[in-house]
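Visitor: I'm new to this one. Could you pick a single part and take me through it slowly?

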Amino acid sequence: LLSYSLSLPISAAVVGMPKIEHIEANTRVARAFQPLSKEEMQRMSGGLSAQYKASIDRFFSTHVDA
């Protein structure tokens, strides 16, 4: 999902990482990052259930970064 997020037109991606292993894995992904193709983006997006998408939309509709 980090590759998906970085393929969007964004300036930065901030990811919660509770363990050093997560930081290391995300660093490897970021260093080797190549934008996903439009087809890959659509396939990943289509793989999420409608219910999960609705849950994410609800969360971000009221989310405010501190």
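This is a predicted model: local features need pLDDT of at least 70, side-chain atom pairs count only at pLDDT 80 or more; totals for chains, interfaces and linings use all residues.

Guide: L2 sits in helix α1, which covers residues 2-7. If you look for N26, you'll find that L2 and N26 are 24 residues apart along the sequence, yet their C-alpha atoms are 7.5 Å apart in space.

How much of the chain is buried?

Now step back for the layout. The chain has four helices and zero strands, and going from the N terminus the order reads α-α-α-α. Along the principal axes, the C-alpha atoms fill a box of roughly 35 × 30 × 20 Å. The chain's accessible surface is about 5700 Å², with 57% of that belonging to carbon and sulfur atoms. As for charge, there are 7 positive and 6 negative ones, and their mean positions lie 3 Å apart.

Next, follow the chain to α4. This helix has 13 residues and spans 19 Å from its first C-alpha to its last, close to the 18 Å expected at 1.5 Å a residue. Is α4 buried or in the open? Zero of its 13 residues are buried, so α4 lies largely in the open.

L48 counts as partly exposed because its relative accessibility is 32%, between the 20% and 50% cut-offs. Together with Y52, I56, F59 and F60, L48 makes a nonpolar surface patch of about 480 Å².

Key:
Residues are numbered from 1 along each chain as its sequence is written. Side-chain values use heavy atoms; hydrogens and water are left out. Patches are made of residues with over 30% relative accessible area and no salt bridge: like charges are joined within 9 Å, nonpolar side chains (Val, Leu, Ile, Met, Phe, Trp, Tyr) within 5 Å. Accessible areas come from the Shrake-Rupley method with a 1.4 Å probe; for residues, only the protein chains shown count as cover. A salt bridge is a side-chain nitrogen of Lys or Arg within 4 Å of a carboxyl oxygen of Asp or Glu. Buried means under 20% relative accessible area, exposed over 50%, partly exposed in between (1.4 Å probe, protein chains only). Helices (H or I, at least four residues) and strands (E, at least two) are DSSP runs, numbered from the N terminus. The expected span of a helix is 1.5 Å times one less than its number of residues. Lys and Arg count as positive and Asp and Glu as negative; His and the chain ends are not counted. The place of a charge is taken as NZ of Lys, CZ of Arg, CG of Asp or CD of Glu.
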